[in-house]
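Please walk through this structure part by part.

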Amino acid sequence: MAHSGRRDSPELPDFSLLKRLARDQLIYLLEQLPGKKDLFIEADLMSPLDRIANVSTLKQHEVDKLYKVEYKPIISTSDQVCFLIRPRIQTVKWICDVANADKAAGKFRRYKIIFTPQKFYACEAVLEEQGLFGDVTTDEWAFYLLPLDDDIISLELPEFFRDNFLAGDQRWVRTVGSALHLLHSIYGPFSKIYGIGRCAKMAYESWKEQVEEGDTKARQAEIGNAFLIDRDVDYITPLCSQVVYEGLVDDIFRIKCGCVEFGHDVTSSDKSVKVMLNSQDKVFSEIRNEHFSNVFSFLSQKARNLQTAYDKRRGMDIKQMKTFVSEELKGLKQEHRLLSLHIGACESIMKKKTKQDFQELLKTEHSLLEGFEIRECISFIEEHINRQVSMIESLRLLCLLSITENGLLPKDFRALKAQYLQSYGVDHLLTFANLRQLGLLVEQQPGETLTVMESKVGKLVNDKTAGKLTDAFSSLAKKSHFRALSRKLNLVPKSDEEYDLRVPRDMAYIFSGAYIPLSCKLIEQVLERDSWTGLEEVTKLLNGHEFAFTGSNGADLRAKSDAQRIILVMFLGGCTFSEISALRFLGRERGYKFIVVTTAITNSSRLIEALLGNKV
Amino acid sequence: MMKNKPDEEDYWNSSKFKAFTFDDEDDEFSRLKESKQAVNSIRSLVEEEDDEDEVEKVSWSGEPVGSISWSVRETAASNQKTQREHAFPKINASSPSVSRSHSGYSLSSLFKGESALSESSVKLYAPELRKPKSESKDYISDWSPEETIHRMQQGKVVSLERFRSLQDKLLLLDFSVRAHDGNIITAVLIHLKRTLSKEVLFRELESRQTALRHFIHYLTEIRDHRLLLELLSKRRDFLKSCLNLPFSPEESAHVQDHYTLLERQIIIEATDRLAEHAGKVEIFQKFPRRASILNMPLITTLYYCCFYHYNEPEGTYSSPLNIRHTFRISEKQYFVTVLAARAKLKAWSDLDALFTSRNWLGFTKKKSPLSFHRVVDILQKNSAPTQVLQEYVGLVDDADLRIGLAQKHKCHDIVINTYRDLKDRQLLLGYRGKVERGSAEERKINDLLDSPHIRWKN
């Protein structure tokens with residue numbers, strides 16, 4: 001597991017400053033409402049809040065009771081109520097209901113809404129409409145960025161993905177610009193900014209505008225270059241099953257805000273435990289980026305070492321024993337606890353994955369990525385649907401099929417869609433509409449000549465052969481964008497070579513050597529060339545919207561400081577742990593350090609769930 | 001509005017005490033800069049009109065429409081004058097609002113040199129508020145649509161009320177779209193929704209896709225379904241000519257099917273609930289229904305019918321065959337569902353019948369639209385006994401796959417027979433170690449190994 005980087009890696013900037021900044025501002029805002037008050041916190045803000053402050057911090061600033069926002073009448077008896085919420089119309093409406101109910105009951109209270117990271121006009125318009133503007137005061141808590149780990153910063157805005165890409169609502173563009181501005185003003189100035197994607201471009205412009213509005217002071221840069229990328233540039237990567245440990249843990253147990261809850265199947269007791277997963281966990285930090293197949297052997301080696309360390313006790317005299325207990329034992333116990341947790345997690349993962357035929361699932365994914373045996377893949381997916389196996393998994397495979405093949409053949413599309421609706425409910429018509437809108441699951445538009453040919457041939461031969469012929473025709477007519485990209489960027493390594501997952505030779509190791517994540521490959525290529533030059537064909541296939549700008553600090557650029565090797569990568573619409581692992585690998589290889597900033601951590605389930613239309 | 005009047009008056013009067021400050025000058029300067037930007041960008045608007053698709057040509061033909069006040073916000077903001085209580089203690093805080101909710105004090109001043117928080121985190125009402133009333137009004141009315149959008153982005157107070165002509169309103173909208181700030185786009189749309197008739201608004205939105213999508217999202221969020229529906233149907237009519245998006249005949253067929261299914265579920269549910277209560281039908285006693293079948297997907301319904309109504313004649317609503325035909329369920333899907341349901345009931349003979357087909361010579365043969373290794377998988381998940389599994393494992397075509405499955409499910413006979421057919425003595429010897437000592441399997445292996453009739457390849 002000891003990866004030797006080419007050069008010594010530069011030190012990462014200290015992001016705990018961001019937490020301090022946010023905490024201090026929250027305290028300031030709470031003090032704007034002097035006296036005892038009850039605080040209502042929106043459910044999805046609880047974990048982020050936990051990472052920067054604790055109950056005693058809040059109590060010190062006269063927060064009396066804490067409640068979760070639950071859209072029910074409130075029971076608070078306090079005469080001051082504070083709401084800490086995301087700027088959502090539904091939540092503001094609920095607060096209006098609360099305030100108006102109090103009014104009707106002749107109860108007088110002070111209300112304050114703290115929107116984070118910013119307020120929206122539409123929310124204030126609700127207050128105005130409800131006759132409460134002014135009675136309910138509002139403020140903003142500019143809590144843009146939550147450092148989840150030394151090299152991961154999250155905006156904790158999972159709704160960014162749906163709002164921006166599905167609804168086409170640009171409400172978060174300025175937020176992202178502000179977040180970038182914050183990073184830039186503390187850790188910048190950046191020497192260069194690259195990016196690709198429509199939203200990335202807009203966020204860049206918003207950021208630039210904010211830089212121009214404020215005054216920039218010359219300072220020592222701690223971050224060199226920045227790279228902005230839209231999630232819709234690469235949907236393939238987040239749709240693949242994750243097989244690197246951290247990604248796998250996220251796929252199975254769902255890591256929330258850097259913390260995972262292991263159930264009793266992992267802890268082998270009747271209690272579940274919440275564990276922080278970050279570089280502080282010495283066991284985890286060594287296995288997080290490893291392919292799952294290596295993790296077991298690593299853990300058992302670790303367990304043997306631990307046993308030896310414990311065994312040292314034997315034959316110790318009193319004095320030695322005393323030092324052992326005071327110096328080593330605590331560390332060993334801690335390691336023991338972590339080891340047994342991760343071993344438990346591995347076992348649980350194995351059990352779950354064997355049950356769902358993970359091997360075959362991976363084979364199908366790899367075939368799709370390679371463009372090999374597509375008919376077999378389709379029938380695998382069909383059976384998946386027929387058997388009513390996970391509704392999310394079926395959609396994920398359908399989307400992978402569609403993107404890699406540049407759309408499904410009309411007859412496949414109709415058949416699979418009909419079966420999907422039959423298996424999981426007709427309300428998924430809306431899901432299909434959503435997926436089509438994003439281009440994730442579409443029907444090919446066949447050329448006319450092709451259809452004629454096909455129907456003629458179809459009459460001569462039986463159905464299965466006709467299907468194969470049709471495949472052949474359509475692949476002649478239209479090459480998939482993904483295939484073209486894959487060829488140009490060498491995303492799919494040759495399958496005839498053995499791939500040693502213990503000694504990865506490229507980023508493909510995160511997908512068992514079957515595929516190099518497109519997003520990370522683009523970043524690698526641009527950094528290598530220091531521009532988009534030479535990638536014109538690639539960007540054309542990705543619908544363009546690429547950009548590269550040199551920052552204002554030409555002087556800093558020449559001073560080849562360590563900071564130049566620190567690269568900030570911002571994912572707009574979420575990034576996966578697998579991508580983070582791939583970038584860490586790339587960093588080790590090239591002597592970079594990557595800082596990943598993302599609107600939220602995502603994975604295939606979160607991505608698909610955000611697009612479900614059956615719950616409306 | 002009226003309610004706020006005295007406060008406002010008070011406020012402005014008191015504001016006059018404030019003398020000229022450098023901030024004012026700053027503001028002048030920035031205004032100059034802003035207007036320069038405005039001029040520049042108007043030029044660019046003129047020059048590169050067809051540059052981006054979201055900046056549509058403004059239609060100049062619309063007639064001005066009456067407007068209602070949107071700036072109640074602004075006057076209401078003066079309620080928050082209490083922020084200045086410490087400076088002007090004489091002002092009577094007529095509204096009970098909380099003190100100092102807005103303040104020029106910024107946390108970022110704690111971190112000198114970090115300008116990040118100062119503008120965006122705290123709304124600076126101060127520059128406007130400090131100006132004498134009349135002068136300030138002049139200033140407000142001077143702001144161009146673009147300047148107004150720019151100020152809104154910075155969270156400053158603006159008045160949208162004075163943009164009364166359609167042309168101005170649309171300029172506001174187009175500049176907001178240009179700024180890529182969804183918050184502002186929606187803010188302008190809220191103003192337009194209040195001050196334009198929906199016919200005019202819809203008409204103008206047709207050619208402004210970005211704004212239209214924001215409007216639809218906003219209506220969805222405020223749950224204004226009535227208006228949303230009107231807008232969507234209008235949009236559909238508009239789109240019909242070029243696209244046949246979510247209203248294709250294929251989709252209406254799905255909806256029709258769903259309707260038929262619901263009707264049927266209602267009938268089945270009513271009958272079965274009665275039967276269950278009466279306690280006369282054995283299957284309901286043995287396997288009580290866990291949930292109502294209403295609103296379940298089609299395949300779940302089929303599964304249910306395979307479970308409770310498998311042998312019914314095709315004429316009944318709940319017969320699996322009837323459901324299969326009514327809803328054109330594919331053979332494979334039908335097989336999978338029957339298989340799962342009957343396996344759950346351990347009705348192995350039903351499965352036997354399901355897979356058996358007779359050819360024209362009268363020989364029976366097992367056939368499946370689903371590969372047999374999948375069949376085995378489903379059976380095994382329903383804990384089928386080894387004899388049953390063995391039968392289906394034996395039907396797997398691919399020898400490697402068959403051996404793999406046979407080993408996994410301990411179907412020794414199949415493994416042994418396959419090795420025998422492969423004439424692989426070594427593998428057979430190896431397998432002997434895996435079967436139980438003294439078992440029938442071991443004897444069989446020994447017999448084979450001793451047999452003089454087999455010509456082993458190794």
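Chain A is divided by its domain assignment into domain 1 (15-143), domain 2 (144-234 + 494-615), domain 3 (245-355) and domain 4 (359-405 + 407-478); such bounds come from an automatic or database domain assignment. This is a predicted model, in which local features need pLDDT of at least 70 and side-chain atom pairs count only at pLDDT 80 or more, while totals for chains, interfaces and linings use all residues. Residues are numbered from 1 along each chain as its sequence is written, chains are lettered from A and ligands numbered from 1 in the order in which they are written, and side-chain values use heavy atoms, with hydrogens and water left out.

Take domains 1 and 2 of chain A. Their C-alpha centres lie 32 Å apart. Contact here means heavy atoms within 4.5 Å, and 16 residues of domain 1 of chain A are in contact with 18 residues of domain 2 of chain A. The size of an interface is often given as the accessible area lost when the parts come together. Buried area is that loss for two parts, found with a 1.4 Å probe and summed over both. Between domain 1 and domain 2 of chain A the buried area is about 1600 Å², and carbon and sulfur atoms give 70% of it.

Side chains of opposite charge can pair when their charged atoms come close. The rule for a salt bridge asks for a side-chain nitrogen of Lys or Arg within 4 Å of a carboxyl oxygen of Asp or Glu. Between domain 1 and domain 2 of chain A the count is 1 salt bridge. Arg88(A) forms a salt bridge with Glu159(A), with 2.8 Å between the closest N and O atoms. Helices (H or I, at least four residues) and strands (E, at least two) are DSSP runs, numbered from the N terminus. On the side of domain 1 of chain A that touches domain 2 of chain A, α1 (16-31) and α2 (43-52) of chain A each supply at least two residues. The most comes from α1(A), with 4 residues.

Glu159(A) also belongs to the buried part of helix α6(A). Buried means under 20% relative accessible area, exposed over 50%, and partly exposed in between (1.4 Å probe, protein chains only). Helix α6 (residues 159-166) of chain A is largely enclosed by the rest of the structure, because 7 of its 8 residues are buried. Among them are Phe160(A), Phe161(A) and Phe165(A). After α6(A) comes Gly168(A), whose phi is positive, near 70 degrees.

Next is the interface between the chains. The contact takes 77 residues from chain A and 76 residues from chain B. Together chain A and chain B bury about 6800 Å², 50% of it on carbon and sulfur atoms. Tyr121(A), Arg387(A) and Gln422(A) supply 12% of the area that chain A buries against chain B, more than any other three residues. The rule finds 8 salt bridges across the interface of chain A and chain B. In a salt bridge between Lys332(B) and Glu382(A), the closest N and O atoms are 3.1 Å apart. Helix α18 (residues 410-424) of chain A gives the most to the side of chain A that touches chain B, with 8 residues.

What does Asn386(A) touch, leaving aside its neighbours within four places in sequence? Asn386(A) is in contact with Gln419(A), Ser423(A), Ile299(B), Lys332(B), Gln333(B) and Val336(B). Asn386(A) lies in helix α16 (residues 374-386) of chain A and counts as buried, at 2% relative accessibility.

Asp149(A) and Arg288(A) meet in a salt bridge of 2.8 Å, N to O. Asp149(A) lies in strand β6 (residues 146-149) of chain A and Arg288(A) in the loop between α12 (282-287) and α13 (292-311) of chain A, so the pair ties together parts that are 139 residues apart in sequence. Both Asp149(A) and Arg288(A) are buried. A network of salt bridges links Asp149(A), Asp151(A), Glu246(A), Arg288(A) and Arg584(A).

Another salt bridge joins the side chains of Glu393(A) and Arg396(A) (3.1 Å, N to O). Glu393(A) and Arg396(A) are separated by about one helical turn because they are 3 residues apart in helix α17 (residues 391-405) of chain A. Both Glu393(A) and Arg396(A) are buried.
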